[in-house]
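Subject: Handover of a structure and the findings from it

Dear colleague,

Please find below the structure that I am handing over to you.

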Amino acid sequence: SQRRQNRQSLHEYDEWTKLGFTVFGLSNDSQTSLKNWKEKKGFQYHLLSDPKRDLIVTLTGSNTQTRRR
């Protein structure tokens with residue numbers, strides 16, 4: 001479920017930041033959409049907008065689907 005995925009993301013965020021990493025989310029959604037979603041969900045990490053999917057393609061090798069981890 002989305003709620004379980006959100007809790008897992010928050011737990012993973014804490015684990016990565018304890019190790020000294022900076023955590024980002026990446027999406028092809030607009031900056032405004034991401035800002036609203038971040039505020040609604042209370043995410044602590046930064047969300048990056050990549051509407052042309054340039055970075056997404058570089059990281060995932062796919063221009064049609066974003067891989068979720």
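The notes below go from the model as a whole to individual residues.

This is a predicted model, in which local features need pLDDT of at least 70 and side-chain atom pairs count only at pLDDT 80 or more, while totals for chains, interfaces and linings use all residues. Residues are numbered from 1 along each chain as its sequence is written, and side-chain values use heavy atoms, with hydrogens and water left out.

**Confidence and overall make-up**

The mean pLDDT (the predictor's confidence in each residue, from 0 to 100) of the chain is 84, and 78% of the residues reach 70 or more.

The chain contains 3 helices and 2 strands, in the order α-β-α-β-α from the N terminus. Both kinds of element are DSSP runs numbered from the N terminus: helices are H or I with at least four residues, and strands are E with at least two.

Of the 69 residues, 20% count as buried. Here buried means under 20% relative accessible area, exposed means over 50%, and partly exposed lies in between (1.4 Å probe, protein chains only). The accessible surface of the chain comes to about 5,800 Å², with 48% of it belonging to carbon and sulfur atoms; these areas come from the Shrake-Rupley method with a 1.4 Å probe, and for residues only the protein chains shown count as cover. Among contacts (heavy atoms within 4.5 Å) with a separation of 6 or more, 31% are between residues 24 or more positions apart.

Arg 53 is found in the loop between strand S2 (46-49) and helix H3 (54-60). Although Arg 53 is not a glycine, its phi is positive, at about 65 degrees. Arg 53 counts as buried because its relative accessibility is 10%.

Leu 55 is placed in helix H3 and is partly exposed, with a relative accessible area of 38%. Leaving aside residues up to four places away in sequence, Leu 55 touches Leu 26 and Asp 50. The C-alpha atoms of Leu 55 and Asn 28 are separated by 9.5 Å, the two residues being 27 apart along the chain.

Thr 60 also has its place in helix H3. With a relative accessible area of 15%, Thr 60 is buried. A polar atom of the Thr 60 side chain lies 2.7 Å from the backbone oxygen of Ile 56.

A search of the whole structure finds 1 salt bridge, defined as a side-chain nitrogen of Lys or Arg within 4 Å of a carboxyl oxygen of Asp or Glu. Lys 35 forms this bridge with Glu 39, and the closest N and O atoms are 2.9 Å apart. Both residues lie in helix H2 (residues 31-41), 4 residues apart, which is about one turn of the helix. Glu 39 counts as exposed, at 53% relative accessibility.

**A nonpolar surface patch**

Trp 16, Leu 19 and Phe 21 form a nonpolar patch on the surface, with about 360 Å² of accessible area together. Patches are made of residues with over 30% relative accessible area and no salt bridge, with nonpolar side chains (Val, Leu, Ile, Met, Phe, Trp, Tyr) joined within 5 Å and like charges within 9 Å. Trp 16 has its place in helix H1 (residues 2-18) and is partly exposed, with a relative accessible area of 43%.

Yours sincerely

Technical notes. Polar contact = N/O pair within 3.5 Å; in protein donor to acceptor, adjacent residues only side chain to side chain.
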